[in-house]
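Colleague: I've got the structure open and a list of things I'd like to ask. Can you walk me through it?

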Amino acid sequence: MRFSAFKIISEALRGHKGWDATWRDATPKSHYDYIIIGGGGHGLATAYYLARRYGKVNIAVIEKGWLGGGNVGRNTTIIRSNYMLNGNEPFYELSLQLWEGLEQDLNYNAMVSQRGILNLFHTDAQRDAFIRRGNAMLLNGADADLLTTAQIKSRYPFLNTEDARFPIKGGLAQHRGGTVRHDAVAWGYARAASRLGVDIIQNCEVTGLDIKKNKCVGVTTTRGPIKGGKIACCVAGSSSRVMAMAGMRLPIESHVLQAFVSEGLKPLIPGVITFGAGHFYCSQSDKGGLVFGGDIDGYNSYAQRGNLPVVEDVCEGGMAILPNLGRLRLLRMWGGIMDMSMDGSPIIDKTPIENLYFNGGWCYGGFKATPASGLCYAHLLATDTPHETATAYRFDRFEKGLMIDEKGQGNQPNLH
Amino acid sequence: MIINHPLLGPRDAAEFTYLGDASLIDRPDGMADNALPAFIDYGYLRDNNAGEHRELWFHEQGDRSWLVVTRHTVTHEITNVELASDVARKRGRSK
């Protein structure tokens, strides 16, 4: 079933009784050519591009919970491509371009809203760093715009530009950045993949990898064993747990990242704003709530909930630039588990085990990467060669000294 | 989280900074034949299990001691706290 204006009008006249399920809830077959472990945004996007762009068939996505219950439903919905390093920026720019055409591609309203992202800076040194970053973005075909305090004031009059400790000296804007309805990304990819014949199997947890003579030939699950041609792990947050079933240790620690949403307000913040002197970023959802977040809690965790010191830290950062947040009440807060890698960048690569592939290490930047991650992973699965924008995301970059460390923090995952 | 410091008693975890897996105490021998792979492993690979985890915390806003904390990564429950120097001494490492 295709969505169209005609279909909406005709269903409205018939009491909305003719809508189908968005995707088929498949039961597992005994064999697939491609088994994607993890039905998050990245796994569903991988399945979709594998079927659509690379013409592959007999694909399954297996998910231990329900679609949209993991990190694809726990992020703060921001899309942007304001990275600096060569290994990263072309990949994220590809992702932003895919976001721009996503709804037409999927025939699904994912509420892609290019409302712009603004990174504030507060010191002269930070201005220099942001100019450098903006130039790197322009060199890679992305858009970047350095704004003065007066330009920022005209769009965001409520920002505290005169704060004694962190005065706002300007900002780097990416006007093509913005937000996307995150659940709709999972649903849209699931629907489009399902229409191409991909089996989406929910409530099916992988309990083991079937490895014979250094070759992965299938998975065991809570719904029985499934044989597979190529097995693709795509479970960022729990990557270490799944790959431990293959006896692999990863350059990854799992950390909890909290996010927050306030009570609903009338339109206040037109775009996405980030604080440059602490870690705080904020946007307003279409329902009216302010969606914001900050640092990870900083210790290994699989708990999907965090602790109060980070709540305090995030709110302090918010108050520094948005004093009008002070009277706002918090509606909800939650946590998601991040694959924090050793250099802050992801991995999309083959593993030393034949027919076993890996996609993970997204740190807290996985959502914006969803389309490109899916496309590049599908490319790797289909062709056994890395996509041209993802050649740097290798396992062996650590031993070879080819880290992609945007923040320059070294091998300390909780600082990325 | 509250970390029960062996010398100072219960302290807020916010006073501490976190380094990572307690196996980081066991720095490989740089002169050994397998030093290169051993250091790649030491520097970049982690166990990262869901369950009991022994990890290094530094009491930065306190007595600046290093602790080995045994904590559950799913429940955050802390079951044991030792001074890292005691742990190393037990292995004949520090004096």
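This is a predicted model: local features need pLDDT of at least 70, side-chain atom pairs count only at pLDDT 80 or more; totals for chains, interfaces and linings use all residues.

Colleague: Let's start where the chains meet. How much area do chain A and chain B bury between them?

Modeller: The contact takes 25 residues from chain A and 23 residues from chain B. Carbon and sulfur atoms make up 49% of the buried area, and the total that chain A and chain B bury between them is about 2100 Å².

Colleague: Now the charges. How far apart are the closest N and O atoms of Asp41(B) and Arg249(A)?

Modeller: There are three salt bridges between chain A and chain B, and Asp41(B) with Arg249(A) is a salt bridge too. Both residues are partly exposed, Asp41(B) with a relative accessible area of 32% and Arg249(A) with 32% as well. The closest N and O atoms of Asp41(B) and Arg249(A) are 2.9 Å apart.

Colleague: How many residues apart in sequence are the parts that Arg115(A) and Asp286(A) tie together?

Modeller: Over all chains the search finds 25 salt bridges, and the side chains of Arg115(A) and Asp286(A) meet in one at 2.9 Å, N to O. Arg115(A) is buried at 14% relative accessibility, whereas Asp286(A) is exposed at 57%. Arg115(A) sits in the loop between α4 and β4 (117-121) of chain A and Asp286(A) in the loop between β14 (280-284) and β15, so the parts they tie together are 171 residues apart in sequence.

Colleague: Is Asp210(A) buried or exposed?

Modeller: Asp210(A) forms a salt bridge with Lys212(A), with the closest N and O atoms 3.3 Å apart. Lys212(A) is partly exposed, with a relative accessible area of 49%. Asp210(A) has a relative accessible area of 19%, and buried means under 20%, so Asp210(A) counts as buried.

Colleague: On to the inside. Which element gives the largest share of the largest nonpolar core?

Modeller: That core has 55 residues, and those with the most contacts inside it are Tyr49(A), Phe91(A), Tyr189(A) and Ile348(A). Elements giving two or more residues include α2 (41-52), α3 (89-100) and α7 (182-195) of chain A. The largest share, eight residues, comes from α10(A).

Colleague: Which backbone oxygen does the side chain of Arg397(A) reach?

Modeller: Arg397(A) lies in the segment after α10 (370-383) of chain A, and it is buried, with a relative accessible area of 1%. Leaving aside neighbours within four places in sequence, its contacts include Ser341(A), Asp343(A) and Met403(A). At 2.8 Å, the side chain of Arg397(A) reaches the backbone oxygen of Pro346(A).

Colleague: Last topic, the backbone. What is the phi of Thr77(A) near?

Modeller: Most residues other than glycine have a negative phi. Thr77(A) is in the loop between β2 and β3 (78-79) of chain A and counts as buried at 15% relative accessibility. The phi of Thr77(A) is positive, near 65°.

Colleague: And where is Asn48(B) found?

Modeller: Asn48(B) has a positive phi of about 55° although it is not a glycine. Asn48(B) is buried, with a relative accessible area of 1%. You'll find Asn48(B) in the loop between α1 (35-44) and β4 (52-58) of chain B.

Technical notes:
Residues are numbered from 1 along each chain as its sequence is written. Chains are lettered from A and ligands numbered from 1 in the order in which they are written. Side-chain values use heavy atoms; hydrogens and water are left out. Contact means heavy atoms within 4.5 Å. Buried area is the accessible area (1.4 Å probe) that two parts lose on being put together, summed over both. A salt bridge is a side-chain nitrogen of Lys or Arg within 4 Å of a carboxyl oxygen of Asp or Glu. Helices (H or I, at least four residues) and strands (E, at least two) are DSSP runs, numbered from the N terminus. Buried means under 20% relative accessible area, exposed over 50%, partly exposed in between (1.4 Å probe, protein chains only). A polar contact is a pair of N or O atoms within 3.5 Å; within protein, one must be able to donate a hydrogen and the other to accept it, and residues adjacent in sequence count only if both atoms are side-chain atoms. A nonpolar core is a set of buried Ala, Val, Leu, Ile, Met, Phe, Trp, Tyr and Cys residues joined through side-chain atoms within 4.5 Å.
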